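These are my notes from an afternoon with one model. I wrote down what I looked up, in the order given below.

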Amino acid sequence: MNQEAAAAWKAAAQHAADSGAEVVPVSLPSTESALATYYVIAAAEASSNLARYDGVHFGELGPGAEEDVYTDTRSHLLGEEVQRRIMVGTFVLSSERYSDYLDKAHRVRRLIFEEYESVFEQVDGLIVPGALGPAPRLDAVAEMKVVDHYANDVMNIATNLAGLAAICVPVGMSKQGLPLAVQVLAKRFDEQTVLNVGAQLMQRGDFVGFGSDG
């Protein structure tokens, strides 16, 4: 993790403590597998849900779609990332690979959910880094490799897999003037807690420009 992002996270936790919250460390070991788990499940769902867009049932015919309507149409209408996920999803959904990938991914997802449920028996909310570093500039995003795009999701994926209430709030600026953020989590359907904690974090005096009065 970027040092500035880590420092912003620690500062946010300290601000919560200074505001009267009891801050304690927790352990969520299964979240280390969250990124791989998410992309297996997401790819499988994309492959299944997008199968209908073949130019016959749904979607318009691609130009020149005569000999192989299905391939020509999907090659034309679906973007590179969509095609990539469909290919991966088709692979993990195959009868030969289902138990090796998708079945295991669903089991890990359940473990992640159960770990969060256990943690929320001890605490009301969690403050975690919002990203590995500051928000990138648009020109930097365009130059990023696919694997880097995926890796940048690592701080948010487990939250979605567990179906938690969550919000990302800006808590400072990097030396390059780019926003730094933390993520506030709470148990399912407890949006009020994340809103309250998020608002409190944004009221820090050195977060000028992000608070309600900035």
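Entry 1: The model is a predicted one. I began with Glu114, which counts as partly exposed at 40% relative accessibility. I then looked up Arg110, and it is partly exposed too, with a relative accessible area of 48%. The side chains of Arg110 and Glu114 form a salt bridge, 3.3 Å from N to O. Both residues belong to helix α5, where they sit 4 residues apart, about one turn of the helix. I noted the general rule beside this: an α-helix has 3.6 residues a turn, so residues three or four places apart point the same way.

Entry 2: other salt bridges. How many salt bridges does a search of the whole structure find? I got 6. Salt bridges with shared partners join Glu80, Glu81, Arg84 and Arg85 into one network. Within this group I looked up Arg85 and Glu81, whose side chains meet at 2.8 Å, N to O. They are 4 residues apart in helix α4, which means that about one helical turn separates them. Arg85 has a relative accessible area of 23% and Glu81 has 28%. I wrote down Arg85 as partly exposed, and Glu81 as partly exposed.

I also looked up Asp100, which forms a salt bridge with Arg97; their closest N and O atoms are 3.8 Å apart. A pair counts when the nitrogen is within 4 Å of the oxygen, so this one is included. Asp100 is partly exposed at 36% relative accessibility. Arg97 is also partly exposed, and its relative accessible area is 36%.

Entry 3: the whole protein. I stepped back to list the elements. There are 9 helices and 3 strands. In sequence order the pattern reads α-α-α-α-α-β-α-α-α-β-β-α. The protein has 214 residues, and 33% of them count as buried. The accessible surface comes to about 13,000 Å², and carbon and sulfur atoms hold 53% of it. Among contacts with a separation of 6 or more, 67% are between residues 24 or more positions apart.

Entry 4: helix α2. Does the helix's length agree or disagree with its residue count? Helix α2 covers residues 34–49, which is 16 residues, and at 1.5 Å a residue it should span 22 Å. Its end C-alpha atoms are 22 Å apart, so the two agree. I then listed its buried residues, which include Tyr39, Val40, Ile41 and Ala42. What do the buried residues of α2 pack against? They pack against α4 (80–93), α5 (102–119), α7 (146–151) and α8 (154–162). For aromatic rings, I found 4 pairs in the structure. Ring pairs link Tyr38, Tyr39 and Tyr150 into a cluster.

Entry 5: the nonpolar cores. Which residues touch the most other members of the largest nonpolar core? This core has 21 residues, and the ones I wrote down are Ile112, Tyr116, Phe120, Leu126 and Leu185. At least two residues of this core come from each of α2, α5, β1 (126–129) and α8. The most come from α5, which gives 5. Another core, of 12 residues, lies apart from this one; Ala165, Leu180, Val184 and Val194 are among its members.

I looked up Phe120 by itself. Leaving aside neighbours within four places in sequence, Phe120 is in contact with Gly125, Leu126, Leu164, Leu185, Ala186 and Lys187.

Entry 6: helix α8 and strand β2. The buried residues of α8 are Ile157, Ala158, Thr159, Leu161 and Ala162. They pack against α2, α5, β2 (165–173) and β3 (179–186). After α8 comes Gly163, which has a positive phi, near 70°.

Is Val171 buried or exposed? Its relative accessibility is 2%, so Val171 counts as buried. Ala11 is 160 residues from Val171 along the chain, and their C-alpha atoms are 8.8 Å apart.

Methods: Residues are numbered from 1 along each chain as its sequence is written. This is a predicted model: local features need pLDDT of at least 70, side-chain atom pairs count only at pLDDT 80 or more; totals for chains, interfaces and linings use all residues. Side-chain values use heavy atoms; hydrogens and water are left out. The expected span of a helix is 1.5 Å times one less than its number of residues. Buried means under 20% relative accessible area, exposed over 50%, partly exposed in between (1.4 Å probe, protein chains only). Contact means heavy atoms within 4.5 Å. Accessible areas come from the Shrake-Rupley method with a 1.4 Å probe; for residues, only the protein chains shown count as cover. Rings of Phe, Tyr and Trp (its six-membered ring) pair if their centres lie within 6.5 Å; planes under 30 degrees apart count as stacked, over 60 as edge-to-face and the rest as tilted. A nonpolar core is a set of buried Ala, Val, Leu, Ile, Met, Phe, Trp, Tyr and Cys residues joined through side-chain atoms within 4.5 Å.
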